[in-house]
Amino acid sequence: MNTKIKELRKQHKLSQEELALAVGTTRQTITSIETGRYTASLPPAYKIARFFGMTH
């Protein structure tokens, strides 16, 4: 599954660690989501979307 997380994170000049801390997960989880090795379950996906203001 392709996501825009890496693109959004870079636009906001955030490291993977900073995003992980902001949404309550680990850097490894963010890395796995960005590379497509892991599809986030609904709660983390919602937190990431909300963090970037994409709640619609």
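**View 1. Residue K13 is exposed, with a relative accessible area of 72%.** Here exposed means over 50% relative accessible area, buried means under 20%, and partly exposed lies in between, for a 1.4 Å probe and protein chains only. K13 sits in the loop between α1 and α2, and its phi is near 55 degrees, a positive value in a residue other than glycine. Helices are DSSP runs of H or I with at least four residues, numbered from the N terminus. The model is predicted, so that local features need pLDDT of at least 70 and side-chain atom pairs count only at pLDDT 80 or more, while totals for chains, interfaces and linings use all residues. Residues are numbered from 1 along each chain as its sequence is written, and side-chain values use heavy atoms, with hydrogens and water left out.

**View 2. Helix α2 (residues 16–23) has Q16, L19, A20 and V23 as its buried residues.** Seen down the axis of α2, these buried residues fall within an arc of 100 degrees (taken from the directions from the helix axis to the C-beta atoms), so they line one face of the helix. Their cover includes α1 (5–11), α3 (27–35) and α4 (42–51), where contact means heavy atoms within 4.5 Å. Just after α2, G24 takes a positive phi of about 75 degrees.

**View 3. In helix α3, residues I30, T31, S32, I33 and E34 are buried.** The buried residues of α3 pack against α1, α2 and α4. Just after this helix, G36 adopts a positive phi of about 80 degrees.

**View 4. The largest pocket holds about 260 Å³ of space.** Of the 15 residues that line this pocket, T3, K4, I5, A45 and I48 are the closest to its centre. A pocket is an open set of points on a 1 Å grid over the protein atoms alone, with protein on both sides within 12 Å along at least five of seven lines, and lining residues have an atom within 4 Å of a point. Helices α1 and α4 each supply at least two residues of the lining, and α4 gives the most, with three residues. The lining divides into eleven nonpolar, three polar and one charged residue.

**View 5. Across the protein, pLDDT averages 91, and 96% of the residues score at least 70.** This score is the predictor's confidence in each residue, from 0 to 100. Among the elements of the protein, α2 has the highest mean pLDDT (97) and α4 the lowest (91).

Definitions and conventions:
On a 1 Å grid over the protein atoms alone, a cavity is a set of points where a 1.4 Å probe fits but cannot get out, and a pocket is an open set with protein on both sides within 12 Å along at least five of seven lines; lining residues have an atom within 4 Å of a point. Grid points are joined across faces, edges and corners, and a volume is the space filled by probe spheres set on the points. Ala, Val, Leu, Ile, Met, Phe, Trp, Tyr, Cys and Pro count as nonpolar, Asp, Glu, Lys and Arg as charged, and the others, Gly among them, as polar.
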